[in-house]
Amino acid sequence: MRIEHLSKMFGDFTALSGINLEIHEREFVCFLGPSGCGKTTLLRAIAGLDIQTSGKIEQAGLDISALPPSERDFGIVFQSYALFPNLTVVKNVAYGLENRKLPRGEIRTRVAELLALVGLGDQGDKYPAQLSGGQQQRVALARAIATSPGLLLLDEPLSALDAKVRVYLRHEIRSLQRRLGVTTVMVTHDQEEALTMADRIVVMNQGVIEQIGAPMDIYRRPATAFVADFIGTMNFLPGVAEGPDRVRVGQVVLACDAGDAEPGAQVTLAVRPEDIALQDVKSSAENAFEVEIGSMEFLGSFFRAELADEAMADTRLRADWSINLVRRHGLEQGQRLHIALPRDRIRVYPQSSLHG
């Protein structure tokens, strides 16, 4: 599927602006971003539910930009499931097949296969109201893939479910998608969902694409300060560029790739809490300096320490350290210690870009 120069206006409001995107066959792509960023509008444009103001959408080499939803080759699952309450599970799943006037025996076989595939083989005679939220969502999935569409669209399919069911179902959906090999686009505002399910993530903000990449790339090499802030937890430090590979934070000079920043330019450094390394006092590691532990917060599988030092002016760092590391070094509030910020883990952005 190819999307070219796609824009969507609602009156004077620009919901999407100049979207270019290619989605490969059998790929699982997540549109990720905060509420109002345009991700659902983009999904609805692909489905033909909200026709774009300008731009082109191609599927399997055909221009589908102006086709109504009924003539496009996709199955869709909504956040609200949208099951027919007066039809049994079997009838819900069979709905699209019956519309295609397939022989009854063929429909019966196909529905039985699909219900077995989503683990609901014995629930066919029930009505949606008799099922749990997770079961209803699986019925909606079975219905969406019943006609073997070339594209599966998922609009925040897990957001109405509780946490445990969500984690279970995201694994189920991913594994189902791999088995079927169906090209899938999922909209979500949940970064964990996107990181665990997607082959590629499309991060959106205010109607534009901020970054496209594999989950590890997006997490490790966020292209913009917005992406760095939206995905995971991040420390942001105000700094001043001192050259192409030096940035000063307070009195601490850090070796890092400052990109195109001119000497003297105000920049923002970003480093993840788990990347802050504890150092031996005698270590001569690059980017090592001394700090004091201001507080320690226990978060189950790790501790989050707040670190500060006069040399860094008012800047505070959050570090995430495993329970074993904290125990081994006897770390506690008020303790002074040496840390290092690995050069390859520091990202540098123009200062104005964080909230822009």
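Asp 217 is partly exposed, with a relative accessible area of 31%. In this predicted model, the side chain of Asp 217 meets that of Arg 221 in a salt bridge, with N and O 2.4 Å apart. Arg 221 also counts as partly exposed, at 44% relative accessibility.

Side chains of opposite charge can pair when their charged atoms come close. How many salt bridges does a search of the whole structure find? The search gives 19. One of them links Asp 199 with Arg 174, where the closest N and O atoms are 2.5 Å apart. Asp 199 sits in the loop between helix H6 (191–197) and E9, while Arg 174 belongs to helix H5, so this pair ties together parts that are 25 residues apart in sequence. What about the surroundings of these two partners? Asp 199 is partly exposed at 32% relative accessibility, whereas Arg 174 is buried at 7%, because buried means under 20% relative accessible area.

A further salt bridge brings together the side chains of Glu 292 and Arg 336, at 3.5 Å from N to O. Here Glu 292 lies in strand E16 (residues 288–298) and Arg 336 in strand E19 (residues 336–340), so the pair connects parts that are 44 residues apart in sequence.

Some charged residues form a patch instead. Which residues gather in a patch of negative charge on the surface? They are Asp 245, Asp 257, Asp 260 and Glu 262. Asp 245 is found in the loop between strand E11 (235–243) and strand E12 (246–249), and this residue is partly exposed, at 35% relative accessibility.

Glu 156 is placed in the loop between strand E7 (151–155) and helix H5 (163–180), and Gln 206 in the loop between strand E9 (200–205) and strand E10 (208–213). Are these residues buried or exposed? Glu 156 counts as buried, at 11% relative accessibility, whereas Gln 206 is exposed, with a relative accessible area of 62%.

Note on methods: Residues are numbered from 1 along each chain as its sequence is written. This is a predicted model: local features need pLDDT of at least 70, side-chain atom pairs count only at pLDDT 80 or more; totals for chains, interfaces and linings use all residues. Side-chain values use heavy atoms; hydrogens and water are left out. Helices (H or I, at least four residues) and strands (E, at least two) are DSSP runs, numbered from the N terminus. Buried means under 20% relative accessible area, exposed over 50%, partly exposed in between (1.4 Å probe, protein chains only). Patches are made of residues with over 30% relative accessible area and no salt bridge: like charges are joined within 9 Å, nonpolar side chains (Val, Leu, Ile, Met, Phe, Trp, Tyr) within 5 Å. Accessible areas come from the Shrake-Rupley method with a 1.4 Å probe; for residues, only the protein chains shown count as cover. A salt bridge is a side-chain nitrogen of Lys or Arg within 4 Å of a carboxyl oxygen of Asp or Glu. Lys and Arg count as positive and Asp and Glu as negative; His and the chain ends are not counted. The place of a charge is taken as NZ of Lys, CZ of Arg, CG of Asp or CD of Glu.
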